[in-house]
Structure formats: C-alpha cells, structure tokens
Amino acid sequence: MVRFFGFLVGLGFVGVAAWSLLWGVIAYVSEPPAETVEHRFHLHPEHVDFSFEGPLGRYDRQQLQRGFQVYKEVCAACHGLNQVAFRNLADLGYSEAEVRAIADQWQIQVPSINPETGEPAGRNPIPADRFPDPYPNETAARAANNNAFPPDLSLMAKAREGGAHYIHSLLIGYRNPPAELPEANRPGQGLYYNPYFANLNIAMPPPLTADGQVTYADGTPATINQMSTDVSAFLNWAAEPKLESRHQGGLVILIFLIFATILAYLSYRNIWAAAKRNVRATGPLDPANIARRQAAEREAGIEG
Amino acid sequence: MATVEHHEATAPAGEDGLRRRDFINIAAVSVAGVGGAALLYPLVNQMNPSADVLALAQIDVDISSIQPGQAIKTIWRKQPIFIRHLTPQEIEAANAVDVGSLRDPQTLADRTKPDKAQWLITLGVCTHLGCVPLGASEGENRGEYGGYFCPCHGSHYDTAARIRKGPAPTNLEVPEYEFMSDTAVRIG
Amino acid sequence: MSFPWAEEYRPKHPFMRWLDERLPLPRLVYGAVGGGYPVPRNLNYFWNFGVLAGVALALQIVTGIVLAMHYEANAETAFNSVEHIMRNVNQGWFLRYAHANGASFFFIVTYIHIFRGLYYGSYKAPREMVWMLGLVIFLLMMATAFMGYVLPWGQMSFWGAKVITGLFGAIPLVGEPVQQWLLGGFAPDQPTLTRFFSLHYLLPFVIFGVVVLHIWALHIPGSGNPTGVDVKSPQDTVPFHPYYTAKDGFGLGVFLILFAILLFFLPNYLGHPDNYIPANPLSTPAHIVPEWYFWPFYAILRAFTVDFILPAKLWGVLAMFASILLLFFLPWLDKSPVRSGSYRPTFRIFFWILIADVLVLGYCGGMPAEEPWVMLSQVATMYYFAHFLLILPILSMVERTLPLPNSISESVLHGEEQEAAPVGVKPATAAE
C-alpha cells in the first residue's frame, strides 16, 4: 500500500517538476536570458595584501591610526560608526589621554539633555560613549544627502562580499562610464559610476579626490591609494576588533587539539590492539574492499 | 566475555608493556579533562562585567554648584553616590567626636582628601543591608547626628557619614576618587 | 540490554553500590554507553557521527544558554545586543562564533549520519523507529536553526523569516490566517522575534528528549553494522566501553580540529554578509538565501515554476515538505531484505547518484533563481522524488544482491574475501 501510494505521489511530483522544466526549457530556447548590464560591467573587488589576513594575521597599528584619521577627516561627516566606542581606540595604540582628547574634541556631540531645563542638548563625548551618529535619524540623513542614506560603517567590512577589499576597490573605483554602457544604466542626477558597486551607480560622491587630502601624523605620503587602503584596514578593525585574540587563541587551541587528538588516536589503537588484529574496516570507501567488491561483482556477473 | 579473554590471551604479558599502554590511556583522558576544564573558562568568565560596564566604572562629576550644607546624589556603577559639601560647623562636629568611642573608628581626615575636608564623598548604600539612606536631599531626615539616616532599620550616620547608632556595622563606604580640579571629581 | 551476553553492571566502589540500589542511574549509563552495551566489532568511522551529533547538540545548548544571558529579544536592540556580545562581553565573540558555526557543524554531522543510514539500510527492520525518531530530531533541528537565524535581526534574518512564514501563506483557505498566527502580525516584527526566541530556547531540550528516545529505540535491536548482517554470537561484538568510547574520542578530536579551524580562522565563511546589516523592512536583499544547510530544500521549493491544477508556489511548498516526510516511509518503500549497500551493487549506483543529486540541489539552492540553475534544480528535484518513490521500491523487488557473509565475525576474521563466497559454502580455514 505504502509503495503504491508512494508511486503515485512520486509520479505526481516528478511529472509536475518535468512540466515546469519543459516550460523552462521552452522559455530558455525561445528567448535565452540576456546577460544583464550589471553582470557585464560589474567588477569584483581587487585584492590588497592586508596585514590582518591569513590565519596569523595581525593589525598594523600605524595603519589603523592612519585609517582612523581618514575616517575622521573624510568619512565621519556623513557616516556613523555607532557600534564602536571611543574607548576602543585604545586598541589602535592611542594612550588613555589621547583617547579622552579625541572623544572630547569629536566634531559630533552626543545627544543629551540640558541639566537645568531638560531640553534636548548635546555634550562632548567621553571615552565610554560610542561614536555619535552624524544625523539624528534616517529622514534627516536622506534630506541632507539628496535622498541617499549614508550607511553606518561599523560592520561594513563584514556586511559586503569582499570585505575590506571591496571598500578599497569602491573608494578608488570611480571612473567615467564606458561608452558602451546603455543609456538606462548611466548615472543619473546625483549618481556616480562605480563598477564595484552592485548596481554600478552610487550616490556617494568620490570621497578621496586628491593626494594629500589628509596630512598623516606619521608622515606617510597620503596618496589616494594609501588613504583608501588605510581606511579599509581601519574599517576592518571596526567590524572585527577581536581578530587578533581570535587568531592567537585559535592557534593555541588548535595545537592543543592536535596534540589531544594524537593522544586519543594512540589510546584508540592501544585499546583495540588485540581486537584489531581480527577487525578490519569494512567501509565502502576502503580501497581494498572496493577492489574485492569489484572482483566479486565480476564473478557474480559471470555466474549469473 | 569473549573479547576480554581474547585480549588477555594475545597481549604479551610483559609488565612494562601493560604499564606503557595504560599510560597512554590515562594521558589521553587527562588531556581531554584539561580541554574540558579550559572550555569552562569562557563559559564562566562571560558572566563577569563586560567591557562597556567597566568603561562606566569611572565617572567625572562637576561639583561647582554644590553650596555648603548641600549634597547631591549621583550614580556610579549603578549605585548612588552622595557628594556632600560640609559646612564648617559640620566639620567641627565631626572632628569633636572621640574616635576611640566609634564602632568603626575613623577621623573625618581619614575619609576625605587633604585640604578638601569639606568634600565628603561616600556611597549612598547603608552598610547594614544595602538601603539608600536619607539625608542627601533637602528636607530629608538626617538622623540624630545630622548626617544620614537609613529608614530601613534605623541606622544613624554622623556628619562624616560614620555609623553612630543602629544596626549598620561600618561607616558609609568612601569610594576611590580624585580631584581633577577644584570643581571636578573623578570617581572610580 | 539487547543481547544475553551483555555484561551486567557490577559496582566496584561501595558508594556506587549504595547509589545503584537506590537510583540505578549508573546501571543505566553502563548499559547505554558503557561496558554493558555490546556493539558489532566491525563498525567503521561512519558510525562516529551519532556521538558527534550528540556532542554538537550539547555544545549548542551550552553556548546558547550563555548567549541568552546577553542577548535581547527586542526588535530595536537585538542587532546591537549581538554586536555587544561580539565586542564587550568577555570572550563573547568566541561564544557567538561557536554557536553560529556550531549549528553548521551540527548539520554537517547530522547529514553524514543520515546518509550513513541510507547507505547501510539503518532504516530497515527492526530499526524503523530509530530512523523515524531521527527524522523527528532532524525536523526539530531545522525549526530550531531557522528560528535561531532570525534572532540577530539582520537583513537575512528578517527576510528569511518573511519568506519561510510566507510559505504557509501558500496553503489554500487557511494560509493567510496561519501565516499571521505564526508572525503575530502581518510581517516579522517584535511579536515574531519574541516567540522565536522563546521557541529557539525550548526546542533544543525537546530535541534532547527525542535523542534519548532515539538511543533507547536503538538499544532494543542494538547497533547495525557495515555488513548489515545480524549479530549472532558474542564473538560478533565488543563492549561499547572502552572500544567505541576510545574510537569516538578520536573521532571527536578530528571533529573539533575542523570545527576550530572554521571557528577561529573562517568564522563568517558559512554566513551571509547581509546579516551584518540591521533588518530593514523597506529594502529587500538582492538574493534571499537561507543558511547552507537548507539549500537543497530551498532548491526543491523553487523548482516548481509553472501552475498545474494547483498554483506553482503551493507545489513548491508541498514538494519541500514531502521531500522530508517521504523519508518517514522509507522503511516500507525499500523492502530489500539486504540492509547494507555493500551487498547491493545496483542500489549503490543509485545511492551515489542521490548524493550527487543532493549536492546539485544544494548548489542550485544557494544560487540566485536564474537559468540555468532553475532548470538544473528541476532535473535534480525529479531525480530526488524518483529515487525514493519510484526507483527504490522497484529496485528492491528486482535487484540481484551479492551473497552475504554468514556472520560479522566471519566477515572480519577472514577478511572480506569470504563475503563474495556463495552463501552456504564454508571457508577453507576454520575461524580459530
């Protein structure tokens, strides 16, 4: 009974799927799907050698400080960093006093109240505060940015395919639209062509426009490429601040586990030592078994 | 059991061999135990105060607007802090007490910073069972000794916030703090 | 429990004897996973995965309980509370990555466990109940994982919840009320998040309960083995402890090494970047995809693109649920008396095609709904249903199987040469 009904149900699903397939094939043959414009012009992020990549990667503190400087002077006017607190900047190698000064002099105030009147007011951030948002809400952000919403950058390096590489490519990827780009996909009013962006046209004006736009405290020449790489590294830190302890802890734990597993293997072999002589793995993946099985099949085939 | 007999029959009887083999098993189990114990560390440690909580363990307070005789309440580590600007009379009253007769002998100087004897900064947590004593706000009952009074079980504190009467065992706790300037205090 | 020669529990320490007389818990453990459970001596490494799944469940429960101490099931703060765990809580990043990747490992291990059962006929009599309880666990796991993925309240959380609950909307007549009942509203929002958190916390303990039943049911006939031949004598078995505890210990070590590599060095490899964007009901991600372990079923769901009597969407939903529910009937669909695929040459070919088919389905499920992936998933869907509902029933009637060894000991004591010998022909050399 089960098999009879199973047969009917099976025929049903196979039939309907085949029916869908038939129409799919007809549609595919009659009008083959055209390559989309995004597919044709979109570029994958370029690879940059970041110090934090690889199983033992670490952040370059100097680079993070430079990247923070770029964020502060170029990005922070429009983009928030609201998962990161000023106190976290100590990770970049800033002293406690420097962190306090950075927080106190930050260009955006933390929403607060006037202690006398209770009216909304602002105060200077303290290290315990997270970076204040540049706009009070999304509507205000859109109103100030030609109806585009500058996203928060705290997790940008984890929220996009390609991570820091994507951010770097996007920042240096602005160019004139190619001549063969269809009219419908050309950047409209207030949009800029950028092949690394998902739909090719981004509302953010090119943020890094000239070498020397930022004067680095450590004297590194601030080329556009340098600034873009640095800020990408900084945003990777902002998204994954625990990367170094993860890599180091992981290595220690991995070594421990390998050691423990070797011991477990020796113990397993030891316990099975006597029984093992008589026990052979009979799994289907054992090459010896496969060979025997094939031989047996040949034999069975001849006899049958 | 068949297999056990088999084991004994086939394994060479050598004492050393058996001991070495037992050692491997014991080592494997011990290392697994160490691993399991190590795994407990993050599971336990995650309940300790997190980084954002610890960051708020230090606060700056502006004390410029507190007049002599007044006190303010503020919050530090989610606990009330009393900052009291003592009047000369209150300082005198506190210094007049015979320290040896106190339950928790401390002078006012022990409980304030040098040259800042007028600033009495204490936790607003009664040392008996943790109620918030009265006396920091205008018009509240300051108890028999003109300091703080805990309404829960009737502990009276004097103008140096020392326990004078009632069940509390010790004086109101003085937190760690330092003067950043004449008008700013950093607590914690 | 299952064999007359199972070692009886004889407590050595007076305290254990005292305890055993009052609460026979030591006896229970001894009989379940101790020296009192005789297990076929020829199990291969594929038999490690049941224990590994149990460990994965325990890890998920432990890390989940501590994460719940910091997580806030509130649509406004859920996303930030997860980031709070990642940034501020002591070793919070470790706990959260362990939980997120632990779910993936739980599914990897469970899938291998299931396919082990499919190859070696572990679903066949007398182990039908073990198989069906296992499927109940699998269904509960899928529900738990789905609701857990919603909790961080990122873009994929939100849209995943919307799409999956939308499936129920495809049911005729009652669909829409059921969908609204599930969500507690018209779209995923605060009521959805709170109930998903509650159920996500509850279901693992239900899973644990069913795992106990699964193991109980297993201990009635005892474990199967790669030959599929029944245990006949004490020579066929070894006690679970120390033989298989040692082997499982080694297997666990290998499992943890792979897990640690993923957790510490590639923690976001199996996740989707969009879930690091806070949920936004006004903006749909370019491609909504579930977590990888749902991809094969997602591909089946999307394979039905044309209305045929019923709407295409309903066909997809029916097929997706049917693709799992049909496994409950597997013991009665495949009536071959031979359990192990090792002795079923034709079955084996179809088995490996099924493996490839599910991998293809998984790949298509992770790709955007574009050609040629849709057509490919349609072909793969057809094979999936054909395999279980058409091929296996017919095959089990007509297949010529290879001769089975007389016993487990015979197959292991003389090597596999004897397996090919016709049944009834005694090997030339005696056993011992």
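Colleague: Which residues does A:S20 touch, leaving out those up to four places away in sequence?
Modeller: This is a predicted model, to be clear. In it, A:S20 touches C:A303, C:F304, C:T305, C:V306 and C:Q378.
Colleague: Where does A:S20 lie?
Modeller: In helix α1 of chain A, residues 2-30.
Colleague: Is A:S20 buried or exposed?
Modeller: Buried. Its relative accessible area is 0%, and buried means under 20%.
Colleague: New topic. How many disulfides are there over all chains?
Modeller: The count is 1. B:C131 is joined to B:C152, with S to S at 2.0 Å.
Colleague: What is the handedness of that link between B:C131 and B:C152?
Modeller: Left-handed, with -105° about the S-S bond.
Colleague: Where in the chain do B:C131 and B:C152 sit?
Modeller: In distant parts of chain B, 21 residues apart. B:C131 is in the loop between β4 (119-123) and β5 (146-150). B:C152 is in the loop between β5 and β6 (155-158).
Colleague: And what is the relative accessible area of B:C152?
Modeller: 40%, so B:C152 is partly exposed.
Colleague: What about A:C75? How far away is the nearest cysteine sulfur?
Modeller: 9.1 Å, and that sulfur belongs to A:C78. A disulfide needs the sulfurs within 2.5 Å, so A:C75 is in no disulfide.
Colleague: Is A:C75 buried or exposed?
Modeller: Buried, at 15% relative accessible area.
Colleague: Last one. What is the relative accessibility of C:C364?
Modeller: 2%, so C:C364 counts as buried.

Key:
Residues numbered from 1 in each chain as written. Chains lettered and ligands numbered in written order. Predicted model: local features only at pLDDT ≥ 70, side-chain atom pairs only at ≥ 80, totals over all residues. Heavy atoms only, no water. Helix = DSSP H or I, 4+ residues; strand = E, 2+ residues; numbered from the N terminus. Buried < 20%, exposed > 50% of the residue type's maximum accessible area, 1.4 Å probe, protein only. Contact = heavy atoms within 4.5 Å.
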